[in-house]
Amino acid sequence: MERAGAAAFAVLRSRWPQARQIGVLCGGGNNGGDGYVLARLARLAGLGVALGPVAGVPRAGTEADTARQGWLACGGGEQLDVNSTLAGADVVVDALLGTGLDRPPTGPVADAIAAINACGRPVLALDVPSGLDADTGAAPGAVVQAQATVSFVVRKQGLYTGAARDCCGELAFDDLGVPMDAVDAAGPATAALLDLDALRVAFAPPRRRGAHKGDFGHVLVLGGDHGYGGAVCLAGAAAARTGAGLTSVATRAAHVSALIAGQPELMARGVDAAADLAPLLPRASVLAVGPGLGQGDFGRALLGAALDSGLPLVVDADALNLLAVDPQRREDWILTPHPGEAARLLGITPQQVEADRYAAARALHARYGGVVVLKGAGTLVCDGQAPIGVVPYGNPGMASGGMGDVLTGVIAALWAQGLPALAAAALGACLHGAAADAVAARRGERGLLAGDLLDVLPTLLNGMDHGAHLGA
């Protein structure tokens, strides 16, 4: 607790060096004890500190009570009125709940959360923003909106996905010197954060000098019903930019001329029925099916041919919606649903998916097999065996049309180049998010287009721009 309070105070001073008055709200458990330690250290450092216990003080004889006694012994006091504690604060410290939440906050704690969110001051949350589930990333009720969160001992998986992306702010972490083998297995689950550079080094080493295009696979993108030719163009361009040796696109004939004009490196073929794919399928290494596919006769025919081909599949968009109508399980595919598509695949609501994204990813794999990439804020990668990977890249600018089509092409290209399916999905999702971060760092998030990622993909995949992507 002493180490946690000290680590949190160091983050506070680093993040807000000009702060002179601190408001600290403490619960009665260990999280509150961390707050008492921070308050004591801040007071001893010469800062003004107002501290308010919420819903009672720590139980006598506990470690949190010892922290409270240290605060009182250094001359600190306690204010029972939450608003008085917050008034005049340059920074507010949320030390109310911590981990273990499994229901909406109620009573004085809920009122305190509302007061924190309404006070207009920057907030530092200790371990977990109060009201956030540290395992699922869901907020079942009121939740503190922090500008920064410092978590301790392990990186709680709930801090990296779902509602957490809105309420944690900037994330800091300190293991407090606790060895992993001493961590209580019954505590919050640890996030398996994916790392772009580590994945790139492991699975995308420099190419041998004598390589040729036949060494790097052939991606065939299936989709682009009438009016949706842009989707297959984005997916095909992304596959080419991610290093596929050859990329073909099978789409409506009306789109072929525009597609070739926009991306001449793609081999485009007009198709109207499954039989038209016969000369294309034997040449392909991986099929990317779904971008702009539609759910009519055209889409059903192309998806049926893809499923019958025996080739590895990356399945997205309307191919997922068609799959939800006629479910099947197989291991040679990578599914890339967003929460709405995931809900249809599972027969639940998008809200239920977002309430526990980890459970949803596991359920998708259990029902459909293969590798699942559950897109969204904090994309998850699940194969049912390894710990669920969490993508710490990406930003709200990605909430625009075509982003999923680019991801489909990226993953298909990596798989076609010989990566294992799980590695292709993990590296692809990280590369996709990091490319968006690189563009947003230069231009801002608003107005970010899917096509903006294309030129950045090879730079990051080749390890030539280490400073361009942002991790957590």
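Which residues of α5 are buried? In α5, the buried ones are V109, A110, A112, I113, A115 and I116, where buried means under 20% relative accessible area and exposed over 50%, with partly exposed in between (1.4 Å probe, protein chains only). This is a predicted model, in which local features need pLDDT of at least 70, side-chain atom pairs count only at pLDDT 80 or more, and totals for chains, interfaces and linings use all residues. Residues are numbered from 1 along each chain as its sequence is written, and side-chain values use heavy atoms, leaving out hydrogens and water.

**Helix α5**
- Helices (H or I, at least four residues) and strands (E, at least two) are DSSP runs, numbered from the N terminus.
- Helix α5 covers residues 107-118 and reaches 17 Å from its first C-alpha to its last, close to the 16 Å expected (1.5 Å times one less than its number of residues).
- Just after α5 comes G120, with a positive phi of about 80°.

- All five of the five residues of β5 (148-152) are buried, so the strand is largely enclosed by the rest of the structure.
- On one side of β5 sit A148, V150 and F152, and on the other T149 and S151.
- Two strands pair if DSSP finds at least two bridges between them.
- β5 pairs in the parallel sense with β4 over three bridges, and L126 stands opposite V150.
- β5 also pairs in the parallel sense with β6 (residues 170-174), over five bridges; there, L171 is the bridge partner of T149.

**Residue G401**
- G401 lies in the loop between β16 (389-390) and α15 (403-416).
- G401 counts as exposed because its relative accessibility is 68%.
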